[in-house]
Amino acid sequence: MKKIYLDNAATTSIRQEVIDEMIAVLQNDFGNPSSAHSYGRSAKTALETSRKSIAKMLGCAAQELIFTSNATEATNWILKSAVRDLKVERIITSKIEHHATLYTVNYLQKMYGIDVDFVKILPSGQIDITHLVELLSKKVKTLVTLMHVNNEIGTVLDIEKVGRICEQHHALFHCDTVQSVGKTEFNLNELPVDFIVASAHKFHGPKGAGFAFVKKTNVLQPMLYGGEQEKGLRAGTEAVHQVVGMSKALELSYENLNKERHYISDLKDYCLEQLKANFPEIRVNGEATFYNILNILLPFSEEKTAMILFNLDMKGIAVSRGSACQSGSVKPSHVLAEILPEDELKKPSLRISFGHNNTKSDIDELIEGLKGI
Ligand code: PLP
């Protein structure tokens, strides 16, 4: 059976060149980067060359990048250290953030008694900027954490605008850029953002590798103690092959960005066109969304909700749930819950997320699969 992967916001396949590069490191650069001999020096060089290369692609200094195992770890560290060490007393976030952010904020509220304010979400799925400005008028040491591209509906935050607002109000700004690093350009030197985070597996790199960007002006305290690795901020022997794989994956993402962005945007347009032609009552969840994510409300009965993913999976088609009661979950999506009325939340929504490996024929198969439900 031909298998079709349309869940690229969940994770992506690794590019062959990345695998080759990682294998070469595993075979040849197995030294401990902290060792002083030639094996260690060679591994250290591979690590630091990767850091410089990623920094160059994102327009920041190499010292501003701390390697982690993923974005969840990076976000946990940044938010916790901001409260513990930078004395943040209030966090402004939104109810459509990833759980990596929401659960950490919840922990900090319980543990340290910080204030938490949620900025309103507009029916389009965008952040209500006027409300953000209102919230920021309260004079208290604040960190704003809002994501760049929403992983469920694909809405996009104007980082530049939100960053300037934070700057004017002397608030720190953490932006979860997991869905956008490698998929759009960044110039972190110019962008008014204090922290961003990324996971390599979202841009065709390996799982188990990610990074935190921490602007020079912010001095965080260690997340792990026990060594001098990562400037003493994250002790423990570095996974050199993972980092090299991440760097290679990002390099290929940016090398191919214009071509792939164009190709993927066309696929998304084609998919929506075909969906509308076959299911005229279909609706898109979220407005002005990123080029690789399409979240749709299907004009199917509630009873069919639980079966859709299962039926598509039986046909070898992988997409993601967009709403309640799919794939065994009884909870509605916390993101859709913010933008859909109760009755529509019960209906089936699907997240289709595209990558450069997809073709129009994948989409035709998806449509056929949906027609069969
Ligand atoms: N933030 C966003 C927007 C995501 O999409 C994800 C993963 O789905 C994460 C954070 C967490 O990434 P990871 O599980 O790689 O740490």
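1. Lysine 371 and glutamate 368 sit 3 residues apart in helix α12, about one turn of the helix. Helices here are DSSP runs of H or I, at least four residues, and strands are E runs of at least two, numbered from the N terminus. The two side chains meet in a salt bridge at 3.1 Å, N to O. A salt bridge is a side-chain nitrogen of Lys or Arg within 4 Å of a carboxyl oxygen of Asp or Glu. Lysine 371 is partly exposed at 43% relative accessible area. Glutamate 368 is also partly exposed, at 48%. The cut-offs are under 20% for buried, over 50% for exposed, and partly exposed in between (1.4 Å probe, protein chains only).

2. A note on the source. This is a predicted model: local features need pLDDT of at least 70, side-chain atom pairs count only at pLDDT 80 or more, and totals for chains, interfaces and linings use all residues. Residues are numbered from 1 along each chain as its sequence is written, and side-chain values use heavy atoms, with hydrogens and water left out.

3. The salt-bridge count comes to 17. One of them joins aspartate 362 and lysine 2, at 3.2 Å, N to O. Aspartate 362 lies in α12 (residues 360-371) and lysine 2 in the segment before β1 (4-5), so the pair ties together parts 360 residues apart in sequence. Aspartate 362 is buried at 7%. Lysine 2 is partly exposed at 45%.

4. Another salt bridge pairs lysine 216 with glutamate 64, at 3.8 Å, N to O. Lysine 216 is in the loop between β8 (210-214) and α7 (240-255), and glutamate 64 is in the loop between α2 (38-58) and β2 (65-68), so this pair links parts 152 residues apart in sequence. Lysine 216 counts as exposed at 53%. Glutamate 64 counts as buried at 5%.

5. Salt bridges also form a network. Its members are Lys44, Glu48, Arg51 and Glu230.

6. Now helix α5 (residues 129-136). Its buried residues are His131, Leu132, Leu135 and Leu136.

7. What do the buried residues of α5 pack against? They pack against β3 (90-93), β4 (115-118), β5 (142-145) and α6 (159-168). Contact means heavy atoms within 4.5 Å.

8. Aspartate 128 caps the N-terminal end of α5. One of its side-chain oxygens lies 3.1 Å from the backbone nitrogen of threonine 130.

Technical notes: Polar contact = N/O pair within 3.5 Å; in protein donor to acceptor, adjacent residues only side chain to side chain.
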